[in-house]
Amino acid sequence: MPAIKFDPAICQSCETVDCLMKCQYVTFKNVTDAKTEKLKINNGERSRILEECLTCYACQEYCPNGNNPFYLLVERQEELGVLPAPKPIVEEQLRMMQPKGKLTAAKVTSPVVNMCAFPMLTGCVRGSLFEGASVIAGNDLFCNIMWLHFAKNSTIRERVPHSISTIMDLYLRDSGIHEMVCFHDECYGTYTSVADAYGIKVPFKPIHLFDYINRRLDSLSACIKPINAPIAYQRPCSNRLCPETDNILDEIFNKIGARRVPRKHDRENALCCGGVPRAQQRDELADELVEKNIADMKSVGATYCVFNCPFCMATMAQEVAENGIMPILVSDLVLSALGE
Ligand code: SF4
Ligand code: SF4
């Protein structure tokens with residue numbers, strides 16, 4: 001497998017070191033300090049960042065040069081044996097999420113919506129928004145991006161090509177379909193950003209859920225009953241890999257009359273939902289992140305907390321609801337604006 005795509009000369013001449021200076025979880029004395037640590041990572045040496053990193057993916061977005069700082073950081077964590085979570089947890093997750101080989105081939109029709117390893121969420125694909133959709137799901141289709149949180153680039157390299165060939169062999173090729181809607185932007189990030197950086201070929205066109213919904217709303221515009229409510233958006237880590245789609249989400253919110261209230265922890269300053277540190281057994285940090293996010297949402301008077309990531313929603317929904325804010329997925333919010 002090829003090495004992670006990155007150019008050390010670009011970092012060498014980088015004056016801002018945005019990847020680290022904008023990091024919300026690791027602090028630096030100044031830009032020289034940040035650059036020293038970054039160059040250690042680039043050179044394959046140990047840096048304190050490898051231990052302190054929350055694995056929030058944000059440096060992928062912060063780098064103005066597309067030089068894949070986070071993917072390289074994970075590479076170094078794995079090479080140097082710096083595991084962000086206890087080893088038994090990583091091993092248990094590796095077993096739990098491995099391909100099961102239980103799916104069978106089926107004819108599918110457009111739009112094909114990939115629910116990844118979460119078949120329990122297939123009920124989200126319903127109504128006029130997803131009319132005529134074929135849904136595919138299962139461990140054998142798992143996008144495997146979660147291993148970025150566990151210093152397991154090797155698992156991404158081993159399992160993502162398997163998922164791609166399963167999608168092609170069981171569904172797309174024989175059905176003559178060349179596009180696949182990714183319900184979760186983890187999948188979209190895998191088949192675009194990760195695939196490009198890790199040198200993995202993707203023979204189909206991944207469509208982001210926001211892109212699909214935005215276009216579909218143009219056909220359904222006559223049915224929209226505006227939500228007319230202030231909403232807080234909980235931007236997930238995986239959206240850092242496709243930040244261009246955040247503008248499409250704004251278009252969706254505008255079309256359904258949802259007001260995305262500016263708050264401290266949205267857009268580039270989004271804070272982790274707490275799910276990753278919880279999975280890594282860093283409970284105090286997880287609690288702190290949930291509290292900070294909810295306080296921020298309450299301070300701007302949000303009535304809905306909108307999620308795109310089911311994992312963020314599972315992590316925060318109960319506490320969000322207990323604080324008087326309605327937790328909801330983007331697709332369900334759109335369906336409710338369509339009266340469904
Ligand atoms: S990864 Fe990007 S932001 Fe960070 S030092 Fe390199 S070029 Fe600069
Ligand atoms: S992944 Fe997040 S926590 Fe880790 S270095 Fe990058 S910005 Fe900081």
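## Around histidine 149

Leaving out residues up to four places away in sequence, histidine 149 touches Thr55, Pro84 and Val276 (contact here means C-beta atoms, placed from the backbone, within 7 Å). Before going on, note that this is a predicted model, where local features need pLDDT of at least 70, side-chain atom pairs count only at pLDDT 80 or more, and totals for chains, interfaces and linings use all residues. Residues are numbered from 1 along each chain as its sequence is written, while chains are lettered from A and ligands numbered from 1 in the order in which they are written.

Where does histidine 149 sit? You'll find histidine 149 in the loop between β2 (134-136) and α8 (153-175). Helices (H or I, at least four residues) and strands (E, at least two) are DSSP runs, numbered from the N terminus. Histidine 149 counts as buried because it has 23 C-beta neighbours inside 10 Å; the cut-off for buried is 20 or more other C-beta atoms within 10 Å of its own, with 12 or fewer for exposed and partly exposed in between. Tyrosine 57 is 92 residues away from histidine 149 in sequence, yet their C-alpha atoms are 8.8 Å apart in space.

## Around ligand 2

Tyrosine 57 also turns up in the shell of ligand 2, along with others including Cys23, Cys53, Cys56, Cys59 and Phe70 (a residue is near a molecule if its C-beta atom, placed from the backbone, lies within 6 Å of it). That shell splits into 11 nonpolar residues, 1 polar and no charged. Nonpolar covers Ala, Val, Leu, Ile, Met, Phe, Trp, Tyr, Cys and Pro; charged covers Asp, Glu, Lys and Arg; the others, Gly among them, are polar.

## Strands β3 and β4

Strand β3 (residues 179-182) and β4 run parallel, joined by 4 bridges (strands pair if DSSP finds at least two bridges between them). In this pair, valine 181 stands opposite isoleucine 207 of β4. To get from β3 to β4, the chain goes through helix α9 (residues 185-198) in a right-handed β-α-β crossover; right-handed means that, with the strands pointing away from the viewer, the path from the first strand over the helix to the second runs clockwise.

## The four-strand sheet

Another set of 4 strands makes an open sheet, ordered β6-β5-β7-β8, with parallel pairing. At its edges are β6 (258-260) and β8 (326-329), each pairing on one side only. Inside it, β5 (residues 229-234) and β7 (residues 304-307) pair over 4 bridges, and glutamine 234 stands opposite phenylalanine 307 in β7.

Notes
Two residues are in contact if their C-beta atoms, placed from the backbone, lie within 7 Å.
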